[in-house]
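I opened the notebook to look up a few things in one protein model. The entries below are in the order I made them.

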Amino acid sequence: MPTDPSGRTALIRTLRTALPVAALASALALTGCTPETTGGGGRDSGGRDGAGATAPAGSALAAVESLTVKGRAPRTGYEREEFGRAWADTDGNGCGTRDDILKRDLVDVRFRSGGGGDCKVAAGTLTKDPYTGQRVEFVRGRSKVDIDHVVALSDAWQKGAQKWQRRKRIALANDPLNLLAVDSSANRRKSDGDTATWLPKNKAYRCVYVARQVAVKEKYELWVTRAERDAMKRVLSGCPGERLPAGGAPTEAPARFGR
């Protein structure tokens with residue numbers, strides 16, 4: 001058997017061309033050659049899974065493999081208050097989290113007069129809603145814009161959060177990584193769905209959306225169901241280079257929020 005790598009590769013290619021699969025296996029065994037792949041779950045050295053999608057390092061698709069897979073726990077005991085007062089000022093900038101996200105995601109932002117400084121967003125425009133792709137106007141008090149928890153709090157409760165200390169739940173509920181300004185109707189249709197049960201109508205955003213769910217679940221060590229994991233992989237296999245987003249808040253709220 002040739003020891004020169006290029007000679008070995010040429011021989012394998014010749015055998016593959018000339019012989020059927022069964023005969024090829026016998027010939028390779030006699031010559032001591034093996035195809036230039038690595039074993040382990042059907043994944044080759046380029047990070048290609050059995051379905052043919054690559055999973056580059058740092059990608060959301062690669063990160064899916066790090067998530068724990070378990071069944072959904074009961075929803076028993078879930079209340080929104082378990083995640084603290086809505087839109088708490090966890091970053092200490094003097095503004096509630098809801099207004100922070102509105103300022104981040106809207107354009108042409110106008111603030112409420114008569115106090116509140118640059119905190120209370122009175123109006124603005126969501127130029128392209130992530131979930132529908134449509135333009136949505138925000139007017140305080142009659143808004144068609146919601147702030148969505150990308151990983152719903154109820155979903156988190158059923159996949160690990162019910163065992164956390166309160167400060168970690170408060171952190172998740174107010175983490176900018178887990179928050180998006182979106183069309184209110186789409187958000188309500190989503191409810192507490194995960195990737196297996198709901199995806200944005202706007203197909204162009206699905207890779208970004210699922211990548212963010214993966215990032216939040218990895219960051220907070222939340223588990224996924226088998227169906228959820230498989231759905232994540234199906235979406236991200238169509239965009240294997242989608243990067244895993246990072247950043248956001250610490251995974252524990254400040255000590256002033258108690259335990």
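Entry 1. I looked up C95 and C119 in this predicted model, and both residues are buried. The cut-off I used for "buried" is a relative accessible area under 20%. I then checked the sulfur atoms of C95 and C119 and found them 1.8 Å apart. A disulfide needs cysteine sulfur atoms within 2.5 Å, and C95 and C119 do form one. I noted a torsion of -80° about the S-S bond, which goes with a left-handed link.

Entry 2. I then counted the disulfides and got two.

Entry 3. I looked up the other bonded pair, C207 and C239, and the S to S distance is 2.0 Å. The disulfide of C207 and C239 is left-handed because the torsion about its S-S bond is about -105°. C207 belongs to helix α8 (residues 206-220), while C239 lies in the segment after α9 (226-237). I recorded a separation of 32 residues for this pair, which links distant parts of the chain. Are C207 and C239 buried or exposed? I found C207 buried, and C239 as well.

I also wrote down the pairing pattern: with bonded cysteines counted along the chain, it is 1-2, 3-4.

Entry 4. I turned to L179, which is found in strand β5 (residues 179-183). I read a relative accessible area of 0% for L179, so this residue counts as buried. What does L179 touch, leaving out residues up to four places away in sequence? I listed its contacts, among them W87, T97, I101, R104, I147, H149, V150 and R212. I also looked up D105: it is 74 residues from L179 in sequence, and the two C-alpha atoms are 10.0 Å apart in space.

Entry 5. I finished with the whole protein. I noted nine helices and five strands. From the N terminus on, I wrote the order as α-α-α-α-β-β-β-β-α-α-β-α-α-α. The protein has 259 residues, and 43% of them count as buried. Among contacts between residues at least 6 apart in sequence, I found that 68% join residues at least 24 apart.

Methods. Residues are numbered from 1 along each chain as its sequence is written. This is a predicted model: local features need pLDDT of at least 70, side-chain atom pairs count only at pLDDT 80 or more; totals for chains, interfaces and linings use all residues. Side-chain values use heavy atoms; hydrogens and water are left out. Helices (H or I, at least four residues) and strands (E, at least two) are DSSP runs, numbered from the N terminus. Buried means under 20% relative accessible area, exposed over 50%, partly exposed in between (1.4 Å probe, protein chains only). Contact means heavy atoms within 4.5 Å.
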